[in-house]
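Here are my notes on the model you sent.

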Amino acid sequence: MLSYQQARELVVSRTTALLGKAQTESISLLNALGRVIAQEVVADRDYPPFDRSIRDGYAVRASDTHPGATVRCIGELKAGDTPTVSVRPGTCIQIMTGAALPAGADAVLMVEHTQRSGDTVTPDRAVSPGQHVVSRGSEKSAGKNVLTKGTRLGFAQLAAAAQVGTSQATVFRKPRIAILSTGDEVVDFTSTPGPFQIRNSNSVSLAAQVKTLHAEPILLGNAKDTHADLRAKISTGLESDALVLSGGVSAGKYDLVEPVLREFDAEFIFDAVAIRPGKPVVFATCKGKPVFGLPGNPVSTMVTFDLFVRPAIEILSGAEPAALLLLEAVVAEGMQEKPGLTHFLPATIEYGEHPRVAPLRWQGSGDIIAMSRANCLLVIPPDRETINAGERVHVLPRGL
Ligand code: AMP
Ligand code: MG
């Protein structure tokens, strides 16, 4: 059986192979948080655009600052001012952070390192040439790359784009991810279930997980466990950029997702991965789209989305799939799990210098409430049956 790493690689390679011509849109930077940029952003001028003082102090000739020397202050420059006066030997100009270094000066003496009496400034230490100055073009010279196509725009990338004059960004269109739950027992989460029915929580978690990736969930509701209903709704789902189903992929008599996908000529890439929860997870390509059949147990659905659907959506978004971020932590208590599978257990991690992780009591992969109290998944590799308290383990942290 495939390891989860092998399965992820298959998701990445097969989804990449399906990519067609990407569609883009132009949006304001203020609306672009989390989106993937579809253009290269280059510096419109040198950065900094001038030799910039990064301290409040005096623009000086470094050679004038030897111990015992005094310099005469002949002017003042604040941020935004145009320097008009040059610094000649034995003189200095008072300068503020962000102002341009005047001609003749080659360093800034911090105001804290001076005594002043009238126009006379006495340095209490020497500065070296270039000190407290960021020279023109040293961050980036005009025309050079600031953001590469395919970069996801976080606050710092947005600021970089804004700095170089990109007010509208060309970004990749959000991929539309169809979400379809299955099961005769499943009712909409807004309605009251009968005694043996359950509310559709999977569509809610899946839509939220899609949104954390800045993609657009398309909610198709729930399909009954019949060929006809599944066929109709899968057909609609295949109009989106990807289709994510939950439920109906185990070995039960009414687990019909795979048979119905076969009717659509799906090519199955895998239909089992050596993990728990989530072992019967299905990945197929169908009509040029990636299709995922996630096991219906809610924690399995959430975990398999993060492991396998996430990289596919990242690729469909125009980004590089992010590597799984595995942290190390010391486990608070011993555990015993079935070997041969990688286990992903809801757990709580306390961050700090020596992160500690504790598994949560749970009733297995249907236990949504335990999952809602977890802030990470504790990873137990397939070659381990027993983990002792105090051992180092891997942890997959979770955001929202
Ligand atoms: P299945 O994978 O269809 O065999 O479902 C496994 C378990 O997950 C069953 O207990 C289902 O009732 C439950 N389940 C399936 N779909 C959903 C859903 N959309 N929301 C909440 N639980 C579900
Ligand atoms: Mg089912």
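How do helix 3 and helix 6 lie relative to each other: roughly parallel or roughly antiparallel?

1. Helix 3 and helix 6 are roughly parallel to each other. Helix 3 covers residues 202–212, and the two helices pack at an angle of about 30° with their axes 10 Å apart. Axes here are lines fitted to C-alpha atoms, for helices over the stretch in contact, and angles run from 0 to 180 degrees between N-to-C directions. Angles under 35 degrees count as roughly parallel, over 145 as roughly antiparallel, 65 to 115 as roughly perpendicular and the rest as oblique. Helices (H or I, at least four residues) and strands (E, at least two) are DSSP runs, numbered from the N terminus.

2. On provenance: this is a predicted model, in which local features need pLDDT of at least 70 and side-chain atom pairs count only at pLDDT 80 or more, while totals for chains, interfaces and linings use all residues. Residues are numbered from 1 along each chain as its sequence is written, chains are lettered from A and ligands numbered from 1 in the order in which they are written, and side-chain values use heavy atoms, with hydrogens and water left out.

3. On the helix 3 side the contact (heavy atoms within 4.5 Å) involves N202, S205, L206, Q209, V210 and T212, which meet P298, T301, M302, F305, D306, R310 and I313 in helix 6. Sorted by class, this contact has six nonpolar, five polar and two charged residues. Ala, Val, Leu, Ile, Met, Phe, Trp, Tyr, Cys and Pro count as nonpolar, Asp, Glu, Lys and Arg as charged, and the others, Gly among them, as polar.

4. Helix 1 also packs against helix 6: their axes come within 9 Å and cross at roughly 25°. That angle makes helix 1 roughly parallel to helix 6. This crossing is right-handed. Y4, A7, R8, V11, V12, T15 and T16 in helix 1 meet D306, L307, F308, P311, A312, I315 and L316 in helix 6. The class count for this contact is ten nonpolar, two polar and two charged residues.

5. Four aromatic pairs are found in the structure (rings of Phe, Tyr and Trp, the last by its six-membered ring, with centres within 6.5 Å; planes under 30 degrees apart count as stacked, over 60 as edge-to-face and the rest as tilted). One of them is Y4 with F344, edge-to-face at 5.2 Å centre to centre and 80° between the planes. Y4 lies in helix 1 (residues 4–18) and F344 in strand 24 (residues 342–350), so the pair ties together parts that are 340 residues apart in sequence.

6. One open sheet has six strands in the order 16-13-17-21-20-18, with mixed pairing; two strands pair if DSSP finds at least two bridges between them. Strand 16 (216–223) and strand 18 (267–270) are at the edges with a single partner strand each, so one side of each has no neighbour in the sheet. Neighbouring strands are turned by 20° against each other on average, direction ignored. Strand 13 (residues 176–182) and strand 17 (residues 242–246) run parallel and are joined by five bridges, with S181 partnered by S246. Helix 6 (residues 298–316) packs on this sheet, touching strand 13, strand 17, strand 18 and strand 21 (289–294), and its direction makes about 175° with that of strand 21.

7. Another open sheet of six strands has the order 7-4-6-5-9-8, again with mixed pairing. Strand 7 and strand 8 (114–117) are the edge strands, each pairing on one side only. The twist averages 40° from one strand to the next. Strand 4 (residues 57–60) is antiparallel to strand 6 (residues 91–95) over three bridges, and A59 stands opposite I93. Strand 4 also pairs in the antiparallel sense with strand 7 (residues 107–110), over four bridges; V60 has A107 as its bridge partner.

8. Some backbone details deserve a look. Y47 and P48 are joined by a cis peptide bond with omega about -10°, and P48 is in the loop between strand 2 (41–42) and strand 3 (52–53). The R276 to P277 bond is cis, with omega near 0°. H214, in the loop between helix 3 and strand 16, has a positive phi near 60° although H214 is a residue other than glycine.

How values were computed:
A crossing is left-handed if the near helix is turned anticlockwise from the far one by less than a right angle, and right-handed if clockwise.
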